[in-house]
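Have the sequence and the 3D view open as you read.

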Amino acid sequence: MGTPRDTRSEQTAVVIERLREAYPDATISLSYANRFELLIAVVLSAQCTDARVNQITDTLFEEYQTPNDFASASEERVAEVIGSCTYPNSKAGYLVGIGEKVLEEYDGEVPDSLDSLTELPGVGRKTANVVMQHGHDTASGIAVDTHVQRLTQRLEITDAERPEAIEQELLELVPDPDWKPFTHWMISHGRAVCTARSPACEDCVLEDICPASRLEE
């Protein structure tokens with residue numbers, strides 16, 4: 001049956017209030033100099049830590065800076081440069097394909113809509129949301145990564161399983177101005193306290209309202 005909507009709304013409001021206070025400076029941890037670099041970095045971050053991606057892009061962006069650079073590159077060479085990333089061969093194909101499509105269809109500019117972004121190779125809604133929020137300064141949705149998925153389920157804010165469905169539920173619960181920081185509060189808390197395998201419930205500012213914490217008792 002899940003948690004009633006009124007209860008979810010109240011739960012979400014408390015979560016936002018407490019995490020806003022706990023992580024006032026939470027923001028994206030990927031390194032980038034422009035929208036295109038942001039797009040490339042977020043694609044690389046799929047199932048890979050931001051710290052590792054920053055190490056990779058530090059080298060990658062010395063060799064490839066523009067859509068034309070990637071469009072002209074060989075997938076084999078790009079895969080070699082990003083070799084320490086997860087799925088380097090697949091991601092190399094995505095990066096070359098992104099360079100080609102951005103160059104051919106968007107005159108070398110990163111598209112500024114969710115629909116257009118998700119038509120690029122390797123770009124799903126999470127990636128598109130991050131690029132919209134941090135590249136175009138427009139919150140068209142909520143980026144749902146593994147931390148957001150895990151924490152919202154543990155807190156019973158959502159009972160959805162797929163990221164797309166979780167996002168749609170969150171859009172009804174999280175106030176518009178908080179769509180962008182909500183993801184980063186969740187990521188910060190997921191990394192510091194509410195980890196996947198060994199959550200530190202005793203140190204959690206949400207322990208008293210967390211159903212998952214009560215199950216651990």
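Start at helix α8, residues 125-135, which is mostly covered: 9 of its 11 residues are buried. Here buried means under 20% relative accessible area, exposed means over 50%, and partly exposed is anything in between, with a 1.4 Å probe and protein chains only. Helices are DSSP runs of H or I with at least four residues, strands are runs of E with at least two, and both are numbered from the N terminus. The buried residues of α8 are T127, A128, N129, V130, V131, M132, Q133, H134 and G135. What do they pack against? Their partners are α2 (35-44), α7 (114-117), α10 (163-173) and α11 (179-192). Just past the end of α8, D137 has a positive phi of about 55°.

Before going on, a word on what you're looking at: this is a predicted model, where local features need pLDDT of at least 70 and side-chain atom pairs count only at pLDDT 80 or more, while totals for chains, interfaces and linings use all residues. Residues are numbered from 1 along each chain as its sequence is written, and side-chain values use heavy atoms, leaving out hydrogens and water.

Now zoom out. The protein chain has 12 helices and 0 strands. Its radius of gyration is 18 Å, close to the 17 Å that the globule rule gives for 217 residues, so the chain is as compact as a globular protein of that length. (That radius is taken over C-alpha atoms, and the rule is 2.2 Å times the number of residues to the power 0.38.) Along its principal axes, the C-alpha trace spans about 55 × 30 × 30 Å. Of the 217 residues, 49% count as buried.

Next, a few spots along the chain. T12 sits in helix α1, residues 5-22, and is buried at 0% relative accessibility. Setting aside residues up to four places away in sequence, T12 touches I157, L173 and V174.

Follow the chain to the loop between α1 and α2, and you'll find L30, buried at 9% relative accessibility. L30 and V42 are 12 residues apart in sequence, yet their C-alpha atoms are 7.7 Å apart in space. Again leaving out residues up to four places away, L30 touches A41, V42, S45, D50, V53 and N54.

Is S45 buried or exposed? S45 is buried, with a relative accessible area of 9%. Beyond its neighbours within four places in sequence, S45 is in contact with L30, D50, V53, K91 and K126. The loop between α2 and α3 also holds Q47, which is exposed at 64% relative accessible area. Phi of Q47 is near 55°, a positive value in a residue other than glycine. Y87, in the loop between α5 (75-81) and α6 (88-105), also has a positive phi, near 50°.

Finally, the cysteines. A disulfide is a covalent bond between the sulfur atoms of two cysteines, counted here when the two sulfur atoms are within 2.5 Å. How many does the structure hold? There are 0. The sulfur of C85 is 3.9 Å from the closest cysteine sulfur, in C48, which is too far for a bond. C210 is in no disulfide either, as the nearest cysteine sulfur, that of C194, is 6.2 Å away. C85 is buried at 5% relative accessibility, and C210 is buried with a relative accessible area of 10%.

Methods: Contact means heavy atoms within 4.5 Å.
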